[in-house]
Structure formats: structure tokens, C-alpha cells
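Here's a quick tour for anyone meeting this protein for the first time. Have a look at the picture, then read on.

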Amino acid sequence: MQRIFSGGAFEPKIGYCRAVVAGGFVHVAGTVGQGDDVVEQCRSALDIIGQALTEAGVGFADVVRVTYMLPDRAEFEPCWPLLQATFGAHPPAATMIECGLIDPKYRIEIEVTALARA
């Protein structure tokens, strides 16, 4: 098992890591990003996720499942072009959930699971 830390402020406070490679999969924790609007936060979250995937030896093409969590589902559609560009020809199974996040300043949280390479 491999644990990957990003240095995020919540990792030591809550007791988790950004990603875990185990059982043939890379499990990336729910990730929020920084920015003034949902699209900037989505881009930032994907950058953080991308770094964790790279450290695990995989990429966005290896993602098999993604979950998007937003406090306002109306803010999801502006993210679609960025998400389509990220996953492109390798779209994963996806779920969008409308829910509260850890801080109201966050507009999107993204969690992914990728297939690990042997």
C-alpha cells in the first residue's frame, strides 16, 4: 500500500492522505481547489488530483470513477468544458451530488478512483 500526501491543511487536522494506492486502484480523496469561482476551484482541484495521480504512476485516462460534490447544482454546468477537456476520450463513470462542503467558500469537491498500473 502506498499513501500519497499533498501537504493540504486538512490532511493532518482530519487524519487522511490525498491518495492511497491499494488493491489495484488509486483512491484520491475528495479534493477542493482555490479560486474566486467554481470554474477556478474546479481547475485547481483537478491540478491537485493530477499531481496525486502522477505520483501514483497513472493519469486522468486511468480514472474509472469520479464524484463531483457541489453545494449548488446550478454551478456544475460551467465546469463541464473543463471536465470534458480533462477526461476527453477516456470518460469515467460519474456522479454529481448536491451537498454541503467543509467550508462555504468551496464551490466544488472532486473525488476520483483510477486503475493502478502493475
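## Contacts and overall shape

Two residues are in contact when they have heavy atoms within 4.5 Å of each other. Keep in mind that this is a predicted model. Take the contacts in the protein chain between residues at least 6 apart in sequence: 70% of them join residues at least 24 apart.

The chain has three helices and six strands, and they come in the order β-α-β-β-α-β-α-β-β along the sequence. Its radius of gyration is 13 Å, close to the 13 Å given by the globule rule for 118 residues, so the chain is as compact as a globular protein of that length. If you boxed up the C-alpha atoms along the principal axes, you'd need roughly 40 × 35 × 20 Å.

## Inside

Of the 118 residues, 40% count as buried. The largest nonpolar core has 28 residues, and those touching the most other members are Val-26, Cys-42, Leu-53, Tyr-68, Ile-108, Ile-110 and Val-112. Several elements give two or more residues to this core, among them strand S3 (25-32), strand S4 (63-70) and helix H3 (80-87). Helix H2 gives the most, with seven residues.

What does Leu-53 touch, leaving out residues up to four places away in sequence? Its partners are Val-26, Val-28, Val-58, Gly-59, Phe-60, Val-63, Val-112 and Ala-114.

The accessible surface comes to about 6400 Å², with 55% of it belonging to carbon and sulfur atoms. Phe-25, Val-64 and Leu-115 make a nonpolar surface patch of about 230 Å². Leu-115 sits in strand S6 and counts as partly exposed because its relative accessibility is 44%.

Definitions and conventions. Residues are numbered from 1 along each chain as its sequence is written. This is a predicted model: local features need pLDDT of at least 70, side-chain atom pairs count only at pLDDT 80 or more; totals for chains, interfaces and linings use all residues. Side-chain values use heavy atoms; hydrogens and water are left out. A nonpolar core is a set of buried Ala, Val, Leu, Ile, Met, Phe, Trp, Tyr and Cys residues joined through side-chain atoms within 4.5 Å. Buried means under 20% relative accessible area, exposed over 50%, partly exposed in between (1.4 Å probe, protein chains only). Helices (H or I, at least four residues) and strands (E, at least two) are DSSP runs, numbered from the N terminus. Patches are made of residues with over 30% relative accessible area and no salt bridge: like charges are joined within 9 Å, nonpolar side chains (Val, Leu, Ile, Met, Phe, Trp, Tyr) within 5 Å. Accessible areas come from the Shrake-Rupley method with a 1.4 Å probe; for residues, only the protein chains shown count as cover. A salt bridge is a side-chain nitrogen of Lys or Arg within 4 Å of a carboxyl oxygen of Asp or Glu. The radius of gyration is taken over C-alpha atoms; the globule rule is 2.2 Å times the number of residues to the power 0.38.
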